[in-house]
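Please read the following points with the structure open beside you, and look up each place as it is mentioned. They are written for someone who is new to reading such structures.

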There are 2 protein chains.
Amino acid sequence: MRKEYLFTPGPTPIPSKVAAVQTEDLVYHRRKDYHEIYERIVGNLRPFFGTEQPIILITGSGTAAMEAAVANVVSPGDRVIVVRSGFFGDRWADICKAFGGMVRSVDVEWGRAVNPRLIEQRLEEEGGKNTRAVFCTFVDTSTGTVHDIEAIGEVVKNYDALLVVDAVSGVGCMEFRADEWGVDVALSASQKGFMSPPGISVIALSADAWRVCEHTKNHRYYFDLTRYRENYDRFEPPYTPAINTVRAFDVALQAMNEEGPKQVFARHERVARAARSAVSALGLSVFPMNPADVLTVFKPPDEIAAAELRDHIYKKYGVFFAGGQGQLKGKVIRIGHMGAVTSIDILGALGALEMGLADLGYDGRQGQGLTTALEVLRNE
Amino acid sequence: MRKEYLFTPGPTPIPSKVAAVQTEDLVYHRRKDYHEIYERIVGNLRPFFGTEQPIILITGSGTAAMEAAVANVVSPGDRVIVVRSGFFGDRWADICKAFGGMVRSVDVEWGRAVNPRLIEQRLEEEGGKNTRAVFCTFVDTSTGTVHDIEAIGEVVKNYDALLVVDAVSGVGCMEFRADEWGVDVALSASQKGFMSPPGISVIALSADAWRVCEHTKNHRYYFDLTRYRENYDRFEPPYTPAINTVRAFDVALQAMNEEGPKQVFARHERVARAARSAVSALGLSVFPMNPADVLTVFKPPDEIAAAELRDHIYKKYGVFFAGGQGQLKGKVIRIGHMGAVTSIDILGALGALEMGLADLGYDGRQGQGLTTALEVLRNE
């Protein structure tokens, strides 16, 4: 029997009861049944986004929410600061440029978290008043790094600039407090930490960001959030949403709130620590200096090509890991463990890694990875 | 037992085997399994779009594809002609304006199809060379009207302007021949004629449109179709698609091709004719002059409010019809019968209408609607 296991940093595995609800008859989106689902989703997202602001669902990929963020706050000629520390930081820069933003970068070596002082320095250089927004990434999955959004918020709050955070990866798995940390625009998507199928992106704006929104001039329609606000008081979307995916998202969020946000965060922290310990115990190095708890990025042994190892593990054991992106293409392997991933699941994934390494002749320490992981997982 | 029946012009009912595939494990979108699905979908869409051009899937509502159409061919200051003959014609105008287009309208009374000569006249007035594109709607579901795209194409081909058609409703149910009719941009969505869940929009561009696309200057990123072309040769999407919905779409399209496009069109024509005959036999008037085969829009009796009749039928019989939009709000009832709707289904819907009318005291001709419908359906 061949079974397949997806350990990528999105999409992530879907619990069966989340998947099952998609087979139910469609709920018409301009009627109470749908409004109630939307309202419940917003309520269940609040503890994960840490916000009391409106939370809006947009049918689209995570990139759709990134564009919604830019389209609603950046007018052509606006100065913006973009933290470029990985593949998704580069995407921020690309979208801002597409909307006519004057991009000033804070360049960070891939694998390192940004030092908030660099953002402060750049804000000073630009004159804080003249900067529309600072764009950064919570977890850049290309490097496996988590950035200290709270510390960045401490800096940005001293300036007029909005703080916009791509939290596509991270939210739902690690603590995120948009309101407390001074995040003006926070966004995510259904297929990552929220253990749902892809197709729904999520965005929340602060009161300051909503004010900027009203004066933003550029070419937008589908992503114009004021349209989503129009009937938000009764939780009605402006366009036909991905109804089945929304229902799956609803069931997933209910399950996450039953588990409890703190427990969800603790589970991810434990699984991540087990994965990192195992990788280190196998003599391999974890790539990021400040690793996130939602994926483990590491370098394969010098003598084994990353692609060969990934292909072998997938073919022989059915376990699929992601490869590197951008400048890390071919250089790292990325094990995603966000969403519906438990201690038991990660042991299987790490076991596949150990067996794959041994198959390809790695002079390994067979069993040491799993032994170390067990210690971490059992001591909790 | 309460059962509910959705007879709206989108979303439409989903066959159980289409719904069921959504529960299967996610297919990773950057691997062969997904590429094969995408390729098969494109092949199965060809007979319904009538095009040999690339067909691109975008995660989003139908409006997303409308925006993709505008964003890729309209630069600020471009002159565009918009046929405004219903709610969705108005949406074309709104999106074109949002992208800086100089909108010239061809205004048509709601319920009438546009006379192609009016488009010709407007093109002459504007000077054909100076018009970037003509925007129109195949079936505007707000009025239930089908427009003669072939005849419009005959006119537009004599000018430099592109012909852009919102075929969100209609494609998949009624014959549409983009290439033969000279349609440069054709678009639709999964949740209408394609009997799939909402979440996927579809767009196809002619070679001329692709050429315009390269020089279009405006603010776009997610909808920039050149990004979707980059890895189209191996059927890989640029952003994480709504994978489960794509799989449902794939199963639905296979079923539609097994039935055969001609048979699908004939089924819709028959069902529509039965619905119109029944409505007329009940002494009510079909609203559009040139009715489409995908929905039946009619006026309720003067003495019964549309909303009251719809609510009553929904509460008592579980059958849900749509109300009017825009200037027709409260004035008409819209029975959607696109996608997975058969002769048997429409009889149930029409029966609910007859019973609802009788319940509310309509001095009816009880049974005459269904009797007439049976004649139409049985004689085929």
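1. In this predicted model, the contact between the two chains involves 42 residues of chain A and 42 residues of chain B. On the side of chain A that touches chain B, at least two residues come from each of the helices α1 (16–20), α3 (62–73), α4 (87–98) and α10 (243–259) of chain A. The helix that gives the most to this side is α3(A), which supplies four residues.

2. Chain A itself is divided into two parts, of which domain 1 covers 5–10 + 260–378 and domain 2 covers 16–258. Taken over C-alpha atoms, the centres of domain 1 of chain A and domain 2 of chain A are separated by 28 Å. Their contact draws on 25 residues from domain 1 of chain A and 26 residues from domain 2 of chain A.

3. Which elements give two or more residues to the side of domain 1 of chain A that touches domain 2 of chain A? They are α11 (261–281) and β12 (295–299) of chain A, and the largest share of that side, four residues, comes from α11(A). Sorted by class, this side of domain 1 of chain A holds 15 nonpolar residues, eight polar residues and two charged residues.

4. The backbone also deserves a careful look, beginning with a peptide bond in each chain. In chain A, G10(A) and P11(A) are joined by a cis peptide bond with an omega of about -5°, and P11(A) is found in the loop between β1 (5–7) and α1 of chain A. In chain B, the peptide bond from G10(B) to P11(B) is cis, with omega near -5°, and P11(B) sits in the loop between β1 (5–7) and α1 (16–20) of chain B.

5. In chain A, M195(A) has a positive phi of about 45° although it is not a glycine, and this residue is found in the loop between β9 (185–189) and β10 (200–205) of chain A. Is M195(A) buried or exposed? A residue is buried if 20 or more other C-beta atoms lie within 10 Å of its own, and M195(A) counts as buried because it has 27 C-beta neighbours inside 10 Å.

6. In chain B, a positive phi near 60° is found at F235(B), a residue other than glycine, which lies in the loop between α9 (225–230) and α10 (243–259) of chain B. With 18 other C-beta atoms within 10 Å, F235(B) is partly exposed, since that class lies between the limits of 20 or more for buried and 12 or fewer for exposed.

Terms used
Residues numbered from 1 in each chain as written. Chains lettered and ligands numbered in written order. Predicted model: local features only at pLDDT ≥ 70, side-chain atom pairs only at ≥ 80, totals over all residues. Contact = placed C-beta atoms within 7 Å. Domains from an automatic or database assignment. Nonpolar A, V, L, I, M, F, W, Y, C, P; charged D, E, K, R; others polar.
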